[in-house]
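Subject: Structure handover

Hello,

Here is the structure for you to take over. Please open it alongside this message.

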Amino acid sequence: MLAFKVLAQDGSARLGRLTTAHGVIETPAFMPVGTAATVKAMTPEGVAATGARILLGNTYHLMLRPTAERIAALGGLHKFMNWPHAILTDSGGFQVMSLAGLRTMSEDGVAFRSHLDGSRHLLTPERSIDIQRLLGADITMALDECTPFPAERDAVERSMELSMRWAERSRRAFVEREGHGIFGIVQGGVHADLRARSARRVVEIGFDGHAIGGLAIGEGQATTFAMVEATVPFLPAEKPRYLMGVGKPADLVGAVKRGVDMFDCVLPTRSGRTAQAFTRQGTLNLRNARHADDPAPLDTECRCPACTGFSRAYLHHLVKAGEILASMLLTAHNLTYYADLMAAMREAISAGRLAEFEAP
Ligand SMILES: [Zn+2]
């Protein structure tokens, strides 16, 4: 049971407020990715200072190490990682498909070997939901099968139907707690009719929110947007909508304009560790020698610790020297950029001028 309230609308875009057991999230919202119970190169205080009030945790990584049972015994994931705000956990399905070895799919679930030590595991809808309960997730995700792209339409349809049966089992396995909820995931590849069928089915099952999955895996932005447009009309207005694994700043703006409320992506954090910075003047590569003598900050309008304390020349030096501080400062900057982008969109929605809003 999660409370979600739409406060304002501008075209298809919504300004919303999602209330969880660990605080309120203003939407549209971006969720930084905290894979192994940490947002890489950041302290929890640093993440909160960017403005983020919800993180994504990865079930696959945490079930293998340190294990969900150990985290539960130590008081849950919020306490374990000292993050007092909300946490959404994924179901583990996507990473089983992308990281685990020797997978065997069946109606029951997916059997696989750990990429860490080769140990055998079985991930079923019931097990995934139980792991997410042990972690203490505010938002639990239903287990789905991540359909590869490209794939034949028949294969996409069979995969989507399996995901729908798993969605029902996931819903049934979820233990209701105040301030905690479960989201169902719409699949269907790049086929509008399959997306529509999947959306109707997910809504029928009855979830606290709806995710659009299986996109941003190489189909291109125009197709991603087309699939969002094929899905959103079937989703009830009074529940939050989450576009999984998206994306670049322009993807976020386009999806918010099409009615999406929540996002997650590794892009700002991963880019921060590879010397890429998102700025209001475009993307910068701090490895580039043209920054070596530049006394200016990364982004003059940014409030983050990298921009208020340091020059591009210094950040370039840290990158060249392989210093850990380079990753820390650039990650803090990128997450601040994303948080400020979402805040600017929320402001534009409440002012009724999102139509002219573009990613800076
Ligand atoms: Zn900055």
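Predicted model: local features only at pLDDT ≥ 70, side-chain atom pairs only at ≥ 80, totals over all residues.

Zinc site

The zinc ion has four protein donors: the SG atoms of Cys302, Cys304 and Cys307, and ND1 of His333. These atoms lie 2.1 to 2.3 Å from the zinc ion. Along the chain, the donors follow the spacing C-x1-C-x2-C-x25-H. Cysteine 304 and histidine 333 link distant parts of the chain, being 29 residues apart. Cysteine 304 sits in the loop between β17 (282–285) and α12 (305–309), while histidine 333 belongs to helix α14 (residues 324–350).

The arrangement around the zinc ion is tetrahedral because the 4 donor atoms subtend angles of 100 to 114°, and four donors count as tetrahedral if all angles lie between 85 and 135 degrees. For reference, the ideal angle for four tetrahedral donors is 109.5 degrees.

Are cysteine 304 and histidine 333 buried or exposed? The cut-off for buried is under 20% relative accessible area. Cysteine 304 has 1% relative accessibility and therefore counts as buried. Histidine 333 has 0%, so histidine 333 counts as buried too.

Strand β8 (residues 101–105) pairs with β9 in the antiparallel sense, over 3 bridges. Methionine 105 has valine 110, in β9, as its bridge partner. The two strands β8 and β9 form a hairpin, with 4 residues between them.

Strand β9 (residues 110–113) is also joined to strand β10 (residues 120–123), by 4 bridges, and these two run antiparallel. Here phenylalanine 112 is partnered by histidine 121 in β10. The hairpin of β9 and β10 has 6 residues between the strands, and in this hairpin glycine 118 takes a positive phi near 80°.

Helix α6 covers residues 125–135. Its buried residues are Pro125, Ser128, Ile129, Ile131, Gln132, Leu134 and Leu135. Just after α6 comes glycine 136, with a positive phi of about 90°.

Cavity and pocket

How many cavities of 30 Å³ or more does the structure hold? There is 1. The largest cavity has a volume of about 40 Å³. Its lining consists of Gly93, Val96, Met97, Met105, Val110, Leu143, Asp144, Glu145, Cys146 and Trp166. By class, the lining of the largest cavity divides into 7 nonpolar, 1 polar and 2 charged residues. The largest share of this lining, 3 residues, comes from α5.

The largest pocket contains about 1,000 Å³ of space. It is lined by 46 residues, and those nearest its centre are Phe94, Gly245, Asp264, Cys265 and Val266. Which elements each supply at least two residues of the lining of the largest pocket? They are α5 (93–99), α9 (221–231), β14 (241–243) and α11 (267–272). Helix α5 gives the most, with 5 residues. The lining of the largest pocket has 19 nonpolar, 18 polar and 9 charged residues.

Regards

Definitions and conventions:
Residues numbered from 1 in each chain as written. Heavy atoms only, no water. Donors = N, O, S within 2.8 Å, 3.2 Å for Na, K, Ca; no water. Tetrahedral: all angles 85-135°; square planar, octahedral: opposite > 155°, others 65-115°. Buried < 20%, exposed > 50% of the residue type's maximum accessible area, 1.4 Å probe, protein only. Pairing = 2+ DSSP bridges. 1 Å grid on protein atoms, 1.4 Å probe; cavity = no way out; pocket = protein on both sides within 12 Å on 5 of 7 lines; lining within 4 Å. Points joined across faces, edges and corners; volume = space filled by probe spheres on them. Nonpolar A, V, L, I, M, F, W, Y, C, P; charged D, E, K, R; others polar.
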